[in-house]
Amino acid sequence: MRKTLTDRLLRSLKPRAGSYDVMDAVAPGLGVRVLPSGRRSFVLVGRFPGSPHPTRRALGGYGELTLEKARGKARDWLELIRRGVDPQAHEDRQRQAELRHQQNTFAAVAEDFVKDKLPAERKGKEAERDIRREFMPRWGKRPVGEITAQDVREVVKAAKDRGAPYQAHNLLVLARRLFSWAIDQQVYGLEASPCERLKPKAIIGKKVFRTRILSDDEWSIFWRATRRLGYPYGPLFRMLALTGQRKSEVAAARWSEIDLAKKLWTIPAERMKADAAHVVPLSDDVMKILLSLPQFKKGDHVFSTSFGVKPVNGFSKAKDRLDRLMLRSWRALARVRQLAQAATIEPWVIHDIRRTMRTGLSALPVPDLVRELVIAHTKPGLHKVYDQHAYLDEKRRALDQWAARLRSIVEPAPKNVVKFSQKGR
């Protein structure tokens, strides 16, 4: 039976006790097979490579394929047959090629990198966030081998141009790591890194190390602003100031790491830059902060907006709010002191808190080695190998002295209070 197939005709075909075909009068070899179940499928009848007799092969079900697409597919298959190519083998090769393409997209490679490398790293979450925010939107669907040096340069340059040179350096380092890892796996068809000849100095400029520290006046308004900021960021910022630990270490603190009775906080090795556990003696000022915080039943994190399940994130918004609160106090202080030049505060970043704390330790009678150990800098050279003393008592004295110094700045005694010497008693 040969007819000009139309959608109306196809819908009108009724099932019978046995299967039957209706051949198309428009596309040679194309037909529709109607099954007893009522299902209608497009078929192509032809002499396929390797078979001396005409055979029938399915093209796809009606509904999955439109009549127009079925006719086009039939013509394509007939052309392949004319050239001696088996159409199904050809489609299998195309599917395999597409699968390889999907497996080798930047998104697929980046996901593998995130799973393989980042979970055990101290800054793994930050690196993953940068990959998803900076790289994925630009390169996600492209084959990893097609990413060029110019592509990487544009991402890094964009970070520099928006006033984030340190982030620009971090992005270039992260891209280098990701592409080098992909080459080492030898499964993605990548043989060279687009970052190979990119020089940070040429794209970003010379890396200038930050030297910004907070003044005593800035410490005072910082302390006042953190009170207004509230939980979790207010006490978190104060704990940064009192301990000198890194933002990621404080933000991810768990109650299970803190021994309130012994006033010790043990940060596990997997969260430390030096891959070694770090013990922080807790001053009375830190203990006061911790004892004022909520402890949740759902999770163990000290600073959390999800009832302890996850640690805090979103520091950008918290820092912006802190800056606004500090600026308000700074302008009020300027009016009191009649300082016209103090209309604004020199920009600062969260890591400057740690630098200021370490600088403050240098002004106290604390040995240099202890100052470094307080902020988890490793011992130098042979000292690291042969001196396994924990220096807990020395670190506690240093942190207690710093807490007293900071308290004298942010909560100074009234001017009419006279301090009497203990000498002669």
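1. Let's start with Glu134, which is buried at a relative accessible area of 5%; here buried means under 20% relative accessible area, exposed means over 50%, and partly exposed is in between (1.4 Å probe, protein chains only). Glu134 forms a salt bridge with Arg162, and the closest N and O atoms are 2.7 Å apart. A salt bridge is counted when a side-chain nitrogen of Lys or Arg is within 4 Å of a carboxyl oxygen of Asp or Glu. Since Glu134 is in helix 5 (residues 124-139) and Arg162 is in the loop between helix 6 (149-161) and helix 7 (165-185), the pair ties together parts that are 28 residues apart in sequence. Helices (H or I, at least four residues) and strands (E, at least two) are DSSP runs, numbered from the N terminus. Arg162 itself counts as partly exposed, at 47% relative accessibility.

2. A word on the model before going further. This is a predicted model, in which local features need pLDDT of at least 70 and side-chain atom pairs count only at pLDDT 80 or more, while totals for chains, interfaces and linings use all residues. Residues are numbered from 1 along each chain as its sequence is written, and side-chain values use heavy atoms, with hydrogens and water left out.

3. Back to charged pairs: how many salt bridges does a search of the whole structure find? The search finds 28. Another of these joins Arg358 and Asp368, at 3.1 Å from N to O. Arg358 lies in helix 14 (residues 351-362) and Asp368 in helix 15 (residues 368-374), so this pair ties together parts that are 10 residues apart in sequence. Arg358 is buried, with a relative accessible area of 14%, whereas Asp368 counts as partly exposed at 45% relative accessibility. There is also a network: Asp130, Arg133, Glu134, Arg138 and Arg162 are joined into one by salt bridges that share partners.

4. Glu64 and Arg39 form a salt bridge as well, with their closest N and O atoms 3.5 Å apart. The pair links distant parts of the chain, 25 residues apart: Glu64 is in the loop between strand 5 (55-61) and helix 2, and Arg39 is in the loop between strand 3 and strand 4 (40-46). Glu64 is exposed, with a relative accessible area of 59%, while Arg39 counts as partly exposed at 41% relative accessibility.

5. Strand 2 (residues 20-24) deserves a look. Is it enclosed or open? Five of its five residues are buried, so strand 2 is largely enclosed by the rest of the structure. Tyr20, Val22 and Asp24 point one way from the strand, Asp21 and Met23 point the other way, and all are buried. In a regular strand the side chains alternate between the two faces of the sheet.

6. Strand 2 has pairing partners too; two strands pair if DSSP finds at least two bridges between them. With strand 1 (residues 2-3), strand 2 pairs in the parallel sense over two bridges, and Arg2 stands opposite Met23. The chain goes from strand 1 through helix 1 (residues 7-12) to strand 2 in a right-handed β-α-β crossover, meaning that, with the strands pointing away from the viewer, the path from the first strand over the helix to the second runs clockwise. With strand 3 (residues 30-34), strand 2 pairs in the antiparallel sense over four bridges, and Val22 stands opposite Val32. The hairpin of strand 2 and strand 3 has five residues between the strands, and in it Gly29 takes a positive phi near 80°.

7. For helix 2 (residues 67-82), the length works out: at 1.5 Å a residue its 16 residues should span 22 Å, and its end C-alpha atoms are 23 Å apart, which agrees. The expected span is 1.5 Å times one less than the number of residues. Its buried residues are Leu67, Ala70, Arg71, Ala74, Trp77, Leu80 and Ile81. Just after helix 2, Gly84 takes a positive phi of about 85°.

8. Finally, His169 is found in helix 7 and counts as buried at 12% relative accessibility. Leaving aside neighbours within four places in sequence, His169 is in contact (heavy atoms within 4.5 Å) with Pro200, Ile204, Gly205 and Lys207.
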